[in-house]
Every structure is written in structure tokens, then in C-alpha cells.
Number of protein chains: 2
Amino acid sequence: MPAKAAKAAAPTPADTLYFQLFNEIGIIAQLSGNRFQKVLPHELTVAQFSLLNHMVRLGDGWTPARLAAAFQVTKGTMTNTLQKLESKGFIRVDPDTDDARSKRVFLTPPGQSARDAAMKALTPELSTLPEGFPPALAAEILPALERLRIWLDANR
Amino acid sequence: MPAKAAKAAAPTPADTLYFQLFNEIGIIAQLSGNRFQKVLPHELTVAQFSLLNHMVRLGDGWTPARLAAAFQVTKGTMTNTLQKLESKGFIRVDPDTDDARSKRVFLTPPGQSARDAAMKALTPELSTLPEGFPPALAAEILPALERLRIWLDANR
DNA sequence: ACCTTATAGTTTGACGTCGAACTATCGTCA
DNA sequence: TGACGATAGTTCGACGTCAAACTATAAGGT
């Protein structure tokens, strides 16, 4: 029996490191999301904007299920967000002619405009960031974060 | 007038970089929080566990306002979480004898046990992580994340 | 053809979170 | 001493999120 036994399940240094990592990431997500929220126009939430932006960047016509997978949220969550956007007239949700279970999500012209306006509102928010956090640093840690995200996604 | 004018407010490469960064961070926060949630005992949420853990690591007797500041949440949010923990008997909230506006939050023995049990449940969850994401990588990006968190906190 | 299993989407109830409005107390300054 | 601005905490309504239960359609297998 080891000299300093007892206490069970003392976290290893690696564990402590990971805890710190997830803790920092959690707080950054909270602070940045909050900050973006405040400047978004049209009563858009971050979730709603992300969806609009996704459709502009990667094209529309996706099914809700595929969108849910892309954003790593449950189908129920996606249903909710899509309903909000549809009620604002920013997207259109059509039945899928090939598969009666599915639907297809399309961006409307007002949705396109709202996304552009949101983009414009967000850019100034980023303009002062380089002072405290240079783009080079962002570029430096991004690959590691991607790797972590991919691992978490694959092993769950 | 530039040849390819129009389109207004095209994001700079740096902006795109930052967007990616916050996007990855958001998804990691979501995935990791979700994952922790699933294994936590005693119906503990991540927010509740974080609070208990904080009291073990940094001591109890803090005021709700100070806790709210430490966790970067609003006072209302902290009120809510404290009420949940108190109803479970994991903390005790006493009036502050020096300042009638304030309260003081203390960890109870059951709260201590719950925190230990949660810690024990969380550790195995971290055990497979080093395969895909070595601790050295975590250590490498942690300082940058801290810097970002601190900047966001200071400039809001 | 049927029966079974998988997939798409919705609904419900709970939680954390926010901002805003509100009450109570403290501290300062005239 | 008294008024006023700052601070502590609560409440309310809204949102995104989750898990779980449910309906409907699709796809395979025997």
C-alpha cells in the first residue's frame, strides 16, 4: 500500500490540464457568444445567424437532419431554431419530393439581407480584437482546436 | 473607385480567421459540456458541479456576486444555480453579518461528497482523450486561450 | 408481401443563460 | 441628517439546448 494512499481518484496532472482547457473554452464561448448577440440586428440570435451564414457559405437546400449534424445539435434543437427563422421569413422549409420524411431548407431574399446586415454588424466587433489577440495567434491554435473538436465529435 | 467595388463590408482574412476560431470554440464547449453532463451523478449539471468544484479548490464563504463575477455569468443566473444546489442540500447560504445586502455561500458535507463523486465520474471520461489529443498540445494552446479569455473579459 | 429496424421530424419538460425591472441596503457628500 | 448614486440579490420572460417519447416514412430481409 502506497504511503500517501487514501483520497481515491486524485486527478493526474493531465486531467487538471484538460479541466483548465475545457474551462477556458467554456468561458470564451460564453463571452464571445454573448458579445455577438448584443450587436446582431433583426432580433437574430447567434444560433439563428450561424444557420443563415451557413446557408450562404455552403449553399441551401439541406435537410434539417443534416443541418443538425453539421451544427452538432439535436434534431429537436434544429426544429426549434428553424421554426424561429421561418416565422421571421428568413428561410423557407419545403417538403422533400424524393423522401416524404424529409424537408429542405432554403434561404429567402429577406434572409439573405438579414445575414448581410448581421455580417456588417459583426465585423466592427472584431476590429479591436487584434490588439489583444493577434490573428497569427488565432491561426496558430486553430489546428489544435479543430483536432480536438473532431476527436470529440468522433468519440461520443 | 476600386474595380471590384460594391458588395460592402467583405470580411478580411483576419475576420474569417476569428470567425473560425469562435466557431470551433463554441462547438467544443457544447460537445464537452454535453459529455460531462451525461456522466455527472446526483443530477448535477455542469454549472452546478463547477460551483461545487470552485468551492473545494478556492474555498467557500464567497458572496453570490463574487461568484457571478468569477464565472462570468449574471447575478440572476447565479441566483438560479445557487437555489438548485441549496435545494439539493449541497450548499448553505447564510446572511452576511457585516452587510445586510449580501449573503455567503458555504459547502455542506453532502456537497463535498457529491463533488468528490462527480470528480471520480469525470476522470474516466478524460482517460481516452490523450490518444486523440495529447496533453502537450493542451498545454501548448492553453496560454493563448487564457489570453483571449482575459481580453474578452476586460473589453466588454 | 409482410415485418422489423432505421431514419426524419416534432413535441414536451427541464436547465442555464441573458437582459431588464425591481427591492433593499450601503456609502458618500452636502 | 438626509438625499442620492452604487451595489446585492431576486424575479420574469425569452431563447437555445438536451433527452426522451412519439409519429410517419423508408429500406431490408425472409
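Mentor: Happy to. A salt bridge here is a side-chain nitrogen of Lys or Arg within 4 Å of a carboxyl oxygen of Asp or Glu. This is a predicted model, in which local features need pLDDT of at least 70 and side-chain atom pairs count only at pLDDT 80 or more, while totals for chains, interfaces and linings use all residues. Residues are numbered from 1 along each chain as its sequence is written, chains are lettered from A and ligands numbered from 1 in the order in which they are written, and side-chain values use heavy atoms, leaving out hydrogens and water.

Start inside chain A. A:Glu125 forms a salt bridge with A:Arg35, with the closest N and O atoms 2.7 Å apart. A:Glu125 lies in helix α5 (residues 109–127) of chain A and A:Arg35 in helix α1 of chain A, so this pair ties together parts that are 90 residues apart in sequence. Helices are DSSP runs of H or I, at least four residues long, numbered from the N terminus.

Now cross to the other chain. Helix α1 (residues 13–39) of chain A and helix α7 (residues 135–154) of chain B have axes (lines fitted to C-alpha atoms over the stretch in contact, with angles from 0 to 180 degrees between N-to-C directions) that come within 9 Å and cross at roughly 35°. Among the residues making this contact (heavy atoms within 4.5 Å) are A:Leu21, A:Ile28 and A:Arg35 of α1(A), along with B:Leu142, B:Leu145 and B:Trp151 of α7(B). By class, the contact has 17 nonpolar, 2 polar and 5 charged residues.

Next, the whole interface. Here 53 residues of chain B are in contact with 53 residues of chain A. Together the chains bury about 5,700 Å², 77% of it on carbon and sulfur atoms; buried area is the accessible area (1.4 Å probe) lost on putting two parts together, summed over both. B:Tyr18, B:Phe19 and B:Trp151 supply 12% of the area that chain B buries against chain A, more than any other three residues.

Finally, the charges. The rule finds 2 salt bridges across the interface. B:Glu24 forms a salt bridge with A:Arg149, where the closest N and O atoms are 2.7 Å apart. Over all chains, the count comes to 12 salt bridges.

How values were computed
Helices (H or I, at least four residues) and strands (E, at least two) are DSSP runs, numbered from the N terminus. Ala, Val, Leu, Ile, Met, Phe, Trp, Tyr, Cys and Pro count as nonpolar, Asp, Glu, Lys and Arg as charged, and the others, Gly among them, as polar.
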